[in-house]
Amino acid sequence: MSCKGVNCKSLLNELCDFLDGGLDAATIEEIKVHLDRCQDCRVLVDTTRKTIEIFCKAEPVALPQEVRNRLHQALEQRLREPGS
Ligand SMILES: [Zn+2]
């Protein structure tokens with residue numbers, strides 16, 4: 001981090017942690033101040049955030065084996081039950 005606060009380059013470096021919520025409050029504040037002044041970074045943060053949201057939703061969730069077994073059993077039971 002530069003001691004002159006956040007610039008465009010350091011913001012890029014911190015972007016992942018910023019969106020992840022993994023930064024300390026002081027750094028988040030510095031980034032917010034920079035975003036107020038810098039439209040380029042505002043657009044960048046916005047785009048990146050949306051990309052991450054889409055990526056997270058599209059990522060397949062791995063179910064634990066136990067959950068999968070129970071789900072399978074429940075489905076089989078449902079299929080055997082007549083007319084429910
Ligand atoms: Zn900037």
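Helix α2 has 13 residues and reaches 19 Å from its first C-alpha to its last, close to the 18 Å expected at 1.5 Å a residue. That expected span is 1.5 Å times one less than the number of residues. Helices here are DSSP runs (H or I, at least four residues), as strands are (E, at least two), numbered from the N terminus. This is a predicted model: local features need pLDDT of at least 70, side-chain atom pairs count only at pLDDT 80 or more, and totals for chains, interfaces and linings use all residues. Residues are numbered from 1 along each chain as its sequence is written, and side-chain values use heavy atoms, with hydrogens and water left out.

**Overall fold**
- The protein chain has four helices and zero strands, in the pattern α-α-α-α.
- Of its 84 residues, 18% count as buried (under 20% relative accessible area; exposed is over 50%, partly exposed in between; 1.4 Å probe, protein chains only).
- Among contacts (heavy atoms within 4.5 Å) between residues at least 6 apart in sequence, 57% join residues at least 24 apart.

**Faces of α2**
- Thr 27, Ile 31, His 34 and Leu 35 are the buried residues of α2.
- Seen down the axis of α2, these residues fall within an arc of 100°, so they line one face of the helix. The arc is taken from the directions from the helix axis to the C-beta atoms.
- An α-helix has 3.6 residues a turn, so residues three or four places apart point the same way.
- Ala 25, Ala 26, Asp 36 and Arg 37 are exposed on the other side of α2.

**Zinc site**
- Cys 8 (SG), His 34 (NE2), Cys 38 (SG) and Cys 41 (SG) coordinate the zinc ion at 2.0 to 2.3 Å. Donors are N, O and S atoms within 2.8 Å of the metal (3.2 Å for Na, K and Ca); water is not among the atoms, so sites may look incomplete.
- Angles among the four donor atoms run from 102 to 115°, and the site is tetrahedral (four donors, all angles between 85 and 135 degrees).
- The donor spacing along the chain is C-x25-H-x3-C-x2-C.
- Cys 8 in α1 (residues 8–20) and Cys 38 in the loop between α2 (25–37) and α3 (39–58) are 30 residues apart, a pair that links distant parts of the chain.
- Cys 8 is partly exposed at 37% relative accessible area; Cys 38 is buried at 13%.

**Nonpolar core**
- The largest nonpolar core has ten residues, including Leu 11, Ile 31, Leu 35, Cys 38 and Cys 41. Such a core is a set of buried Ala, Val, Leu, Ile, Met, Phe, Trp, Tyr and Cys residues joined through side-chain atoms within 4.5 Å.
- α1 gives the most to this core, with three residues.
- Leaving aside neighbours within four places in sequence, Leu 11 contacts Val 6, Ile 31, His 34, Leu 35, Cys 41 and Val 45.

How values were computed:
Tetrahedral: all angles 85-135°; square planar, octahedral: opposite > 155°, others 65-115°.
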